[in-house]
Amino acid sequence: MTKILCIGAGYVGGPTMAVIAQNCPDVQVTVVDINPDRIAAWKSDTLPIYEPGLLEVVQSSRGRNLIFSTEVDQGIADADIIFVSVNTPTKTFGRGAGCAADLQYWEKTARQILENSTSDKIVVEKSTLPVRTARAMERILHSGDGNVHFEVLSNPEFLAEGTAITDLMDPDRILIGGHETETGQAAIEKLASIYAQWVPPEKILTTNVWSSELSKLTANAFLAQRISSINSIASVCEATEANVDEVSRAIGMDSRIGAKFLRASVGFGGSCFKKDILNLVYLCETYGLDEVADYWRQVVAMNSYQGERFVNRMISAMFNTIVGKRITLFGFAFKADTGDTRESPALTVSRQLLAERADVVITDPQALVNAAKDLNEDAVTYEQDPYEAAKGAHAIAVMTEWQQYRDLDFVRIHDSMVKPAFIFDGRNLLNHKELHEIGFNVYPIGKAALTHLE
Ligand code: NAD
Ligand code: UGA
């Protein structure tokens with residue numbers, strides 16, 4: 001029986017391994033983490049992350065061929081294939097601070113694998129890493145006495161949070177990068193045979209290691225670039241009375257452009273887009289490709305600008321002061337259907353509102369615990385019920401596209417708010433015409449405001 005180990009039981013490690021275990025009953029899958037609370041939660045029915053459909057998948061294999069554990073060393077010793085899915089945050093100190101990847105966890109893991117291995121292993125980079133990280137990993141792994149053979153593969157993950165299970169069950173492609181040596185090709189085949197148990201062979205793509213590493217950074221850079229591009233046009237729409245949804249639709253019908261990822265918003269969030277683009281920027285700078293670095297850096301700059309512009313519009317609309325005004329954020333997660341708040345635009349918007357001395361109230365169906373941890377501010381109120389959260393507010397700002405917000409009784413909400421009541425829809429989620437008719441002053445993204453003000 002093939003034994004798989006995954007080091008790192010996070011947003012990627014947990015769901016990915018649960019789906020492998022469900023689809024490959026003949027494979028033993030163990031997921032380890034240094035965080036005992038996370039492992040305890042994976043063993044319970046209150047999983048450490050909120051992801052639609054995840055609990056059912058975990059329950060289908062847990063205790064059969066899916067095991068969660070804190071025994072990292074033992075897991076390494078037993079495994080044939082080791083996925084490394086630890087976090088790779090942006091460096092906050094020293095050379096490359098704010099841009100390069102902090103690879104300290106990565107290197108520790110490599111050393112731990114070396115120390116605990118007495119049989120040959122395939123080591124799979126699942127985390128998103130700078131190009132040529134596999135080389136550093138190989139150097140550490142090969143620094144031992146040479147009795148064990150390590151073959152390093154790159155197998156980046158393309159799932160999106162909120163749709164992780166469907167993305168894993170029916171992926172656009174599986175990418176496996178390996179060396180063009182005999183052992184490299186054999187390792188690719190072994191890993192491909194696992195995915196082939198539920199993914200059609202034409203979707204399993206093999207490349208060299210460096211193309212695989214670079215393709216992951218490039219995919220995220222392209223996706224984020226589309227959002228920054230449409231958000232840049234949103235600001236032009238607001239200035240000219242064009243409508244960004246109409247522009248998105250019109251350009252998205254061109255099959256060369258495509259309709260996806262053209263939703264204007266308060267900005268993209270999530271743990272990866274910014275981090276991965278900055279990794280790409282750092283890589284370009286390292287190779288002296290300064291113009292290329294500048295080009296990609298602008299995608300991140302446009303995203304920051306979009307968040308700032310959103311708050312500036314709020315302040316201008318609310319008579320140039322929000323001091324002491326109660327402002328309720330509808331949603332704090334970086335997108336719907338997740339409780340993840342990493343790099344959420346709601347975080348920067350909240351901080352800007354607090355700097356302007358507004359009273360900030362936050363409601364979110366899944367992300368209140370993370371929001372409180374991230375903001376760590378006594379001045380903020382957290383309220384599960386959106387009606388309570390909006391009561392007495394001067395303004396609502398929609399930060400996350402939770403579908404349930406569309407079905408709220410906005411007449412009731414309007415009645416409970418201070419007048420004139422404002423809605424700033426950072427996701428173009430709500431029915432703006434209806435809200436305007438109720439009496440709200442409505443400020444969408446990339447569209448003319450609908451107001452009752454002179
Ligand atoms: P995460 O922070 O949710 O999970 C990482 C886990 O690794 C944590 O639970 C942490 O305790 C554990 N860990 C760290 N060092 C360890 C060690 N030495 N031994 C054992 N466990 C250790 O991160 P994530 O969101 O799952 O992301 C992991 C990687 O996958 C990142 O490189 C990210 O860029 C990439 N990725 C993430 C997503 C996503 O949607 N979140 C999608 C694709 C790729
Ligand atoms: C993204 C990619 O979509 C995944 O393929 C990738 O694996 C993952 O990053 C990763 O490497 O971590 P994720 O960040 O989970 O996935 O979610 P997305 O659906 O990409 O949304 C990212 C952000 O962009 C969210 O804040 C979302 O609201 C925003 N967005 C998305 C827009 O503002 N407009 C859009 O049209 C699409």
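A residue is taken as near a molecule if its C-beta atom, placed from the backbone, lies within 6 Å of it. On that basis 20 residues surround ligand 2, and the closest are Arg263, Ser265, Phe268, Gly270 and Cys272. This is a predicted model, in which local features need pLDDT of at least 70 and side-chain atom pairs count only at pLDDT 80 or more, while totals for chains, interfaces and linings use all residues. Residues are numbered from 1 along each chain as its sequence is written, with chains lettered from A and ligands numbered from 1 in the order in which they are written.

**Domains**

The chain is divided into domain 1 (2-206) and domain 2 (208-454), with bounds that come from an automatic or database domain assignment. Their C-alpha centres lie 32 Å apart. Between them, 29 residues of domain 1 are in contact with 27 residues of domain 2; contact requires that the C-beta atoms of two residues, placed from the backbone, lie within 7 Å. On the side of domain 1 that touches domain 2, helix H6 (133-141) and strand E7 (174-177) are the elements that give two or more residues. Helices (H or I, at least four residues) and strands (E, at least two) are DSSP runs numbered from the N terminus. E7 gives the most to that side of domain 1, with three residues.

**Ligand shells**

Both domain 1 and domain 2 give residues to the shell around ligand 2, so ligand 2 lies between them. Around ligand 1 there are 27 residues, the closest being Gly8, Gly10, Tyr11, Ser127 and Thr128. The table gives the residue classes: Ala, Val, Leu, Ile, Met, Phe, Trp, Tyr, Cys and Pro count as nonpolar, Asp, Glu, Lys and Arg as charged, and the others, Gly among them, as polar.

| Shell | Residue classes | Element giving the most |
|---|---|---|
| Ligand 1 | 11 nonpolar, 11 polar, five charged residues | Helix H5 (residues 104-116), three residues |
| Ligand 2 | 11 nonpolar, five polar, four charged residues | Helix H9 (residues 209-240), three residues |

Helix H11 (residues 273-286) has 14 residues, which should span 20 Å at 1.5 Å a residue, and its end C-alpha atoms are 20 Å apart, in agreement. The expected span is 1.5 Å times one less than the number of residues. A residue is buried if 20 or more other C-beta atoms lie within 10 Å of its own, exposed if 12 or fewer, and partly exposed in between, with C-beta atoms placed from the backbone. In H11, 11 of the 14 residues are buried, so the helix is largely enclosed by the rest of the structure. H9 and helix H12 (290-317) are included in what covers these buried residues. After H11 comes Gly288, with a positive phi near 75°.

In helix H8 (residues 182-195), the buried residues include Ala187, Ile188, Leu191 and Ile194. They cover an arc of only 120° around the axis, which puts them on the same side of H8; the arc is that of the directions from the helix axis to the C-beta atoms. Exposed Glu182, Ala186 and Ser193 are carried on the face of H8 turned away from its buried side.

**Backbone exceptions**

Most residues other than glycine have a negative phi, and most peptide bonds are trans. Phe319, not a glycine, has a positive phi of about 65°, and counts as exposed with 10 C-beta neighbours inside 10 Å. Asp337 also has a positive phi of about 65°, but with 20 C-beta neighbours inside 10 Å Asp337 counts as buried. A cis peptide bond joins Lys419 and Pro420, with omega about -5°.
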